[in-house]
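Me: I would like to go through this structure with you, one topic at a time. Could we start with the strands?

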Amino acid sequence: MRFLATGAAAGLAAALALSPAPASADHGGAPTVRELLERCGKGTDVCEFHPSGSPEFFQNTSEPVGSPVYNCTDHEQVSMVEWSKTTGESNSVDLSMTATFGVVFKQSFAISYGHEWSSSHTQTQRTQVTAQPGEVARVYYGPRMQRVHGTYELHFPDRQWGHYVWYAPFTAEGPADGQGSTVTQSTRPMTDEERAVYC
């Protein structure tokens, strides 16, 4: 029968794991969060993710999409800009979410919140822009995102870095399906250099 760290040992394990991770692995003390997550499903008896609270929704920074429209005519110009933008996921340890710890995260997310985690989302659209004479028009897209915080719980059959049980803080961000993104446009006067190149 395997026994997990209990009492003071368990408290010390939790305290060490939840303290700021060192810049590099210190095998005489606490491992980094990255080192722990790389071990998820590889020599662990348990690797579970426990979300903390509800997902946080936020608007990501708008970025230009499609091609700019240069109005070199002497009258107002209405154009259609076709564009496509893919938004992906990221996390606090900069590891691929296709690894075992990522699969564990997505399963836990679905159980906790009742819908699937979206690893990526592609928005494709045709947007109408209007540019006055001598102006350049651009389209901007800002995806709606979600952020999830939580803690990984890892149990090892043998002591690792001095303990059987470790806890690792973790944050993931990804596109929020059905939460509504923003599409905007702006115009400005062309520079002399742009006019020389495009007109």
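This is a predicted model: local features need pLDDT of at least 70, side-chain atom pairs count only at pLDDT 80 or more; totals for chains, interfaces and linings use all residues.

Me: Which other strand pairs with β9, and in what sense?

Reply: Strand β5, residues 90-91, pairs with β9 in the antiparallel sense, over two bridges. There, Asn91 has Ala172 of β9 as its bridge partner.

Me: Let me step back. How many helices and strands does the chain have?

Reply: The chain has four helices and ten strands. Their order along the sequence is α-α-β-β-β-β-β-α-β-β-β-β-β-α. Among contacts between residues at least 6 apart in sequence, 81% join residues at least 24 apart.

Me: And what share of the chain is buried?

Reply: Of the 199 residues, 36% are buried. The accessible surface of the chain is about 10800 Å², and carbon and sulfur atoms account for 49% of that area.

Me: Now the nonpolar core. Which residues of the largest one touch the most other members?

Reply: Those are Leu37, Phe101, Phe105, Tyr152 and Phe170, in a core of 24 residues. The elements that contribute two or more residues to this core are α2 (33-38), β1 (46-51), α3 (100-113), β8 (144-160) and β9 (163-175). As a general background, nonpolar side chains tend to be buried together in soluble globular proteins.

Me: Take Phe105. What is it in contact with, beyond its neighbours within four places in sequence?

Reply: Phe105 is in contact with Phe49, Met97, Trp117, Val148, Tyr152, Phe170 and Ala172. Two of these came up already: Tyr152 is among the core residues that touch the most other members, and Ala172 is the bridge partner of Asn91.

Me: What does the second core include?

Reply: The second core is separate and has nine residues, including Val69, Trp83, Val129 and Tyr141.

Me: Is Thr127 buried or exposed, and why?

Reply: Thr127 counts as buried because its relative accessibility is 9%, against a cut-off of under 20%. Leaving out residues up to four places away in sequence, Thr127 touches Ser79, Met80, Val81, Trp83, Val139 and Val183.

Me: How far apart are the C-alpha atoms of Thr127 and Tyr140?

Reply: They are separated by 9.9 Å, and the two residues are 13 residues apart along the chain.

Me: Changing topic: how many disulfides does a search of the whole structure find?

Reply: Two. With the bonded cysteines counted along the chain, the pattern is 1-2, 3-4.

Me: What parts of the chain does the pair of Cys72 and Cys199 tie together?

Reply: Cys72 is in the loop between β3 (63-70) and β4 (77-87), and Cys199 is in the segment after α4 (192-198), so the pair ties together parts that are 127 residues apart in sequence.

Me: And why is the disulfide of Cys40 and Cys47 called left-handed?

Reply: Because the torsion about its S-S bond is about -110°. The link of Cys72 and Cys199 is also left-handed, with -75° about the S-S bond.

Me: Which of these cysteines are buried, and which are partly exposed?

Reply: Cys40 is buried at a relative accessible area of 1%, and Cys47 is buried at 14%. Cys72 is partly exposed at 36%, and Cys199 is partly exposed at 46%.

Me: Last one: where is Glu194, and what does its side chain reach?

Reply: Glu194 is in helix α4. Its side chain reaches the backbone nitrogen of Thr191 at 3.0 Å. Glu194 counts as buried, at 13% relative accessibility. Apart from residues up to four places away in sequence, Glu194 touches Tyr70, Val136, Arg188, Pro189 and Cys199.

How values were computed. Residues are numbered from 1 along each chain as its sequence is written. Side-chain values use heavy atoms; hydrogens and water are left out. A nonpolar core is a set of buried Ala, Val, Leu, Ile, Met, Phe, Trp, Tyr and Cys residues joined through side-chain atoms within 4.5 Å. Buried means under 20% relative accessible area, exposed over 50%, partly exposed in between (1.4 Å probe, protein chains only). Contact means heavy atoms within 4.5 Å. A disulfide is a pair of cysteine sulfur atoms within 2.5 Å. A polar contact is a pair of N or O atoms within 3.5 Å; within protein, one must be able to donate a hydrogen and the other to accept it, and residues adjacent in sequence count only if both atoms are side-chain atoms. Two strands pair if DSSP finds at least two bridges between them. Accessible areas come from the Shrake-Rupley method with a 1.4 Å probe; for residues, only the protein chains shown count as cover.
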